[in-house]
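The questions below concern helix packing and strand pairing. The sequence and the structure come first.

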Amino acid sequence: MAKIRKILVANRGEIAVRVMRTCKELGIATVAVYSEADRSALHVRTADQAFLVGPPPSRESYLVQERILEAAKKAGADAIHPGYGFLSENASFVRACEKAGITFIGPPASAMDAMGEKTRARQNMIKAGVPVVPGTAEPIATVEEARAYAEKIGVPVMLKAAGGGGGKGMRKVERMEDFESSWRAAKSEAMNAFGNDAVYIEKYLEKPHHVEIQVFADQYGNTIHLNERECSAQRRHQKVVEETPSPILTPEMRAKMGEVAVKAAKAVGYVGAGTVEFLVDVHRNFYFLEMNTRLQVEHPVTEWVTGLDLVAWQIKVAEGEKLPYTEAPKPNGHSIEVRVYAEDPARNFMPSPGRINYLRVPGGPYLRDDSGVFPGYTVPNTYDPMISKLSVWAPTRREAIERAKRALAEYVVKGITTNVRYLKGILSHPEFVEGDYDTSFLTREHETLLGKGEDPQLTEASLLASVVYAYQRDQKKAKTLTQAPSEGGKGGISAWRLASRRGR
């Protein structure tokens, strides 16, 4: 297969920038697409070319296949990288690329058909002998049928979008009184995120761990896994902190889960990067959850401990190269990633769009900030509010935690509200530090993570100290102004004041 010369990245934000960086290192030209809300976005500035594809709503821009392909043809792109989300798990888009003679950097449409829709993936895994979480094998058509099934297996249950992942279109139902409203909300969110409102039901496992295995396959049937990622620090089923290796896995369990993940990928003729996700119960039994037929948000932690560039691997496999490994490389050290969001944890994680007036990104050894923003950038209210992925590496887990905490202490964003303080709370929490946290951790410890469990006497002392400092500062400022020399007579402006104003 011929070498790829120009790649259109059918995405936005930090993932588009991240893909373009690898492309540039490989000598491949890049093309961006953007909505009217993203005219000044970093991915547009990073690309060699950029094309407008529609108004802000993703259903009218980033999800319109014809406009993406039209941009690729105009630019002369010979390949498309979908990133994650949007069209990354859309089999019809893969077929449209093939028809247009454009290489899709990802799995074939057949594998996406088999695994991209979650209920079909469950059916295929059952046939392959892979253990799955109890639930429906097909999307359920009506709320009446869904309600009857939920009553049959008993709450709590999970309502899940069949057409995509990333926490979109998911609702946990603990009381049957809430079932109908949760059903409507899940279907609406699934339609907005994936253009597909199909929903299915799974039994909710109590206090499970969410552990996923990174798999990779070439076009010649070679398939390996690249170890696991622990993703149990979640809110609203959206991952917030990820790490590798998982603090709960033994080498034997890693090998067994990796073997099952490879088996799952081979069963559907998978090619490229994918992730097989599992739930692990309190007895350390694991169950297939779903397969994400794309690159994951949290792939940097795998890159840290393996020393590999997964995007480069995706491109090389798409060009027809064989994988350089025949088995999983052993993880080296420990890596943690935190997702920085433009949101207010104290206000039920309400998005906080707006202009970034000041931005200071942390630095130092073994630290990486994958970002799609810059000082002066306006975070739109149209898309997911994640603005950055901050990841670190260290020889041990304890050292990685301390490095991530130090990095977050240096992270300053002004003009919008972020979850940086909340992330520091997670990394400092004893349950996280000990490593045995489950998917209910963030919900259960929400008040503590917000800092509401702090010692009230210390809080009061801190407040009084701030008041005293502010008073002393203002008094000193007033005294300095009184003593400042005047210039230009009674009605003139002093040179000192003019200089002060300019320096503000």
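Buried means under 20% relative accessible area, exposed over 50%, and partly exposed in between, with a 1.4 Å probe and protein chains only. Helices (H or I, at least four residues) and strands (E, at least two) are DSSP runs, numbered from the N terminus. This is a predicted model, in which local features need pLDDT of at least 70 and side-chain atom pairs count only at pLDDT 80 or more, while totals for chains, interfaces and linings use all residues. Residues are numbered from 1 along each chain as its sequence is written, and side-chain values use heavy atoms, with hydrogens and water left out.

Q: How far apart are the end C-alpha atoms of helix 8?
A: Helix 8 covers residues 179-194, which is 16 residues. The expected span is 1.5 Å times one less than the number of residues, which gives 22 Å for helix 8. The distance in the model agrees with this: 22 Å.

Q: Within what arc do the buried residues of helix 8 fall?
A: The buried residues of helix 8 are Phe179, Ser182, Trp183, Ala186, Lys187, Ala190, Ala193 and Phe194. The arc is taken from the directions from the helix axis to the C-beta atoms. Seen down the axis, the buried residues of helix 8 line one face of the helix because they fall within an arc of 140 degrees.

Q: Which residue follows helix 8?
A: The residue after helix 8 has a positive phi, near 70 degrees. This residue is Gly195.

Q: How many residues of strand 14 are buried?
A: On one side of strand 14, His334, Ile336, Val338 and Val340 are buried, and on the other Ser335, Glu337, Arg339 and Tyr341. Strand 14 (residues 334-341) is therefore largely enclosed by the rest of the structure, the buried count being 8 of the 8.

Q: What is the bridge partner of Val338 in strand 21?
A: Strand 14 pairs with strand 11 (residues 238-244) in the antiparallel sense over 4 bridges. Strand 14 also runs antiparallel to strand 21 (residues 386-394), with 8 bridges joining them. In strand 21, the partner of Val338 is Leu390.

Technical notes
Pairing = 2+ DSSP bridges.
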